[in-house]
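Please look over the structure shown below before reading the notes that follow, which move from strands to helices.

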Amino acid sequence: MVNGKNSPIPTNYQLPITNYQIKDFVAEKDKRNRFRSLQVLGIIWLLGAVCDRIWFALDHTMPAWDQAEYLTGSLNYWQALQNPQWLSGEWWTNFWMLSSKIPPLTYIATTPFLNLFGTGPDQATLVYLLFSAILLGSVYGLGAKLFSPPVGLWAAGMCVLFPGLYRVRLDFLLDYPLTAVVTLSFLCLTVLKEQRRSKNEKSLLHAAFCLLPSLAFGLSLGLALMTKQTALFFLLIPVVWVGVGAIRRRDWGRLAQLVGALLLSVAVFGWWYRTNWLLILTSGKRATVDSALAEGDPALNTLAAWTYYWKILPSLISWPLLLVPIVGLLIYWGQRRNFRFSIFDFRLKTSDRQPKAVESDESVDNPKSAIQNPKLGWLAVFLVGAYLLSSVNINKDARYVLPYLPVLSVFLAYGITRWPGVLGKRIRWGTVGLATLLMFLNLYPLGGNWLTQSLSPNAQHSAYLGNIWPHKQVIDEIIKTEPLLRSNLGVLPSTGAVNQHNFNYYGALENFQVYGRQVGVRRKQVEQDARSLSWFLTKTGDQGSVPQEAQANIVKIIEQGPDFALHKSWSLPDGSNLNLYHRRIPPVQVQPVEEPLTAVRLVEVTVPEQSPPGAPVPVTYKWSGPWEQLQSGIVLLTWRLNLALEKKSENPAATLINEEPNNPQSTRWLHDRGIGMGNLHAIKQGKAGNIFQVTERLAMLPPADIASGTYTLEATYLNRETGESYSIPVPPVALKIDPAASIQPAPELDLVTQLRTMAADLPKGPDGLTPVFDRVGRINQYDPIQDYLKQGEQALEYRLRLEPQNREWAYNVALSKVLQRQVKGAIAALERVTQLDSKNPYAYAYLAFVHLYDWNPRAAEAALKPALAMSKNQPYIEALDGAAGLMQGNLFKAWAAYQKIKDKIK
């Protein structure tokens, strides 16, 4: 009988729960808990986002130096990505060069937000919502992986409440994105380190699943190094730790995963670093040593350098979030030790009757000291390594160590969750409530400064609710005055609110029509600076971080000299005045004309009757034509000795010159450049085919060895976009070069002429090269987009097709391409130079240097062979040869080169 009286199975008997049912129940519970954790995590992110956006809505602060520079960088990448050319290698090279010193991940990530919400500063900061999601998700994952989901949630909440993090969340800086991506990378490395692989599972799906952590770590590490180079400070020690651990355990599979991840990261960050490696190295000194000296940071041989970040830790975390978790952890460890001692005493009394109780206790938590806890030890590897490597950097700043705060939050979250019982719950929520109050008092002008300074010192970042600064009005005034020109504004003060970077940013917001540059900072260049720009900003009161003597000199020239007039003035919120000055007679003026023209015409040329050789000559050109041709036009102007006029005047030099037709350099000079010096901006109003007149007031430079006589002008038009060219009729004009003539007052030479003058010194080698780069650094301030390099290059490339043996022009084209970092073009140009100047060892040295820049040491070594044969005792050439050997792994050759030159170069 099945259910009868004699049934072997009782009627009230229930079948036992199987292991599968238990597993399903646990899995379902874990799934529900995981979903609840993600909900809580989303709420934490949302509350932080709302707080941040309210702050941005209230704040009227001007972006300071770094913030404005990074905002401009985002606009540059946003502009480049409007018309991408994904399959063009040249486009990619130019894309990476848009940010030559700072990795561009933050800029690129900001582009979609600028497309969706607009290009203002508040819209750009919306990208931080993405980085906050990455940061909170990574911190939660790290805490949940190492300890438990509650630890991950408490750590995420702390990251929202840390003063060090919420301060930078409200400034457009690279440190917050870096913090997010470094934390993500450390999470992926932790998963890779903790991964347990089954030896019995051999399916392809399982193998692919095992590769996911290494792929994730490789991508995240590459992204971290594409955010900021200092990511290496935080991730180097953990990566080495995992690698060494794998070698010690002979875990070759994990080591292979780690190596593969590193190779993948190189594929992510390598393109930008390969393109910009030289500028990264050369700018490192300015960003570290020079900045540290200027800010008075402690030297590395002092204790202060190694305790700097320890001392400021309370201001980064706040005292409540620092002390309460540590106290909780100490109490917990003390209780665990006493509990183990009581168990030990119990075992002495009861012998071996209850061994399972001890096992059960030891399985609850770590039975050893905190130092022996492998999970806390792994956090310590990251924190100690990051602290030491960050301290090695002599340039100290609180925001430079922010990437270790999320990992520290996991440790503190573990500590705060060790508080037991109801009291522990109250302590946790009381601590978070106090930290939240401190955050609001620090971010909003609500008072309570005594409380914030006591519990979260130096953490105030209150929203500025005062009057709006007039930066946009200044830019609008310049554009209204010169609507068809690209303008460069010389910003003489440099304070947090009034500096060259934020005016440059607001000019970039207006279709990149106005640029801001800091000039007047070097005493020997003050006069040239004042003569080279048409717009200047001065300010009363505090001048900021500028050299006082040089800045006072240029302010005096601008405000008291005869060349500038006060254009407009604004009262600033700090009580000072901002003054905008404009040159009385601008070098370029544009106005519409009613004249049916289909080509560019030279209307008028004005020069003095005579001038001595080797001295600048004032000249005024008036061009008329369709706007498209004017804007895209390069004019090739040749002032040539008119032999017919000389013969009529019976000048004896004419006969001598006529007998030497192969020496054209002594009978001409060039004045090539873009029309309007390349400053004609895109037309915004009217029909594109409208006719305009461009008036240029410039200076040209006849060579010092030019022949005396009467010179007339020849003109050719070259379209830089299409390559079209045609001859331009020239109105009657003549200039007599006479050594006895007096020098005429003239404006500053145009930049293309200055470039040609500098290139003439290149055959001299290092003696001629050093002043070239010193002058280039100066004139690059005058042309913020360095368009003069393109103008000079295209003009001389055209001329070289007519005179391919002109060595001087070949050097000039090579210099233009090198300064533009056009590697392939520079190599081709320098190969032409070596052919035209084959007896000069420096020509080969220049070619070798560009090959080294292009990471082609074998080609550099081959290029240096003729140079070494011609000049065996030149330290610079030997240094290049040693560098070529080093890049090929030939350490002996590099060491031998070093031994040869170490006593020659001081």
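In strand E12 (residues 673-674), Arg673 is the bridge partner of Val635, where helices (H or I, at least four residues) and strands (E, at least two) are DSSP runs numbered from the N terminus. This is a predicted model, in which local features need pLDDT of at least 70 and side-chain atom pairs count only at pLDDT 80 or more, while totals for chains, interfaces and linings use all residues. Residues are numbered from 1 along each chain as its sequence is written, and side-chain values use heavy atoms, with hydrogens and water left out.

**Strand E10 and its partners**

- E10 and E12 run antiparallel and are joined by two bridges, and two strands count as paired if DSSP finds at least two bridges between them.
- Strand E10 (residues 633-641) is mostly covered, as eight of its nine residues are buried, meaning under 20% relative accessible area, with exposed being over 50% and partly exposed in between (1.4 Å probe, protein chains only).
- Strand E14 (residues 709-719) is joined to E10 by nine antiparallel bridges, and Thr712 in E14 stands opposite Arg640.
- Strand E11 (residues 668-670) pairs with E10 in the antiparallel sense over three bridges, with Trp669 in E11 opposite Trp639.

**A four-stranded sheet**

- Strands of a sheet pair through backbone hydrogen bonds, either parallel or antiparallel.
- Four strands form an open sheet with antiparallel pairing, in the order E6-E13-E9-E7.
- Strand E6 (588-592) and strand E7 (601-606) stand at the edges with a single partner strand each, so one side of each has no neighbour in the sheet.
- From one strand to the next, the twist averages 15 degrees.
- E6 pairs with strand E13 (residues 691-700) over five bridges in the antiparallel sense, and Gln591 stands opposite Gln693 in E13.

- The axes of helix H6 (residues 127-146) and helix H9 (residues 175-194) come within 8 Å and cross at roughly 30 degrees, where axes are lines fitted to C-alpha atoms, for helices over the stretch in contact, and angles run from 0 to 180 degrees between N-to-C directions.
- H6 is therefore roughly parallel to H9, since angles under 35 degrees count as roughly parallel, over 145 as roughly antiparallel, 65 to 115 as roughly perpendicular and the rest as oblique.
- The axes of helix H11 (residues 231-248) and helix H17 (residues 374-392) also come within 8 Å, crossing at roughly 135 degrees, and H11 and H17 are therefore oblique to each other.
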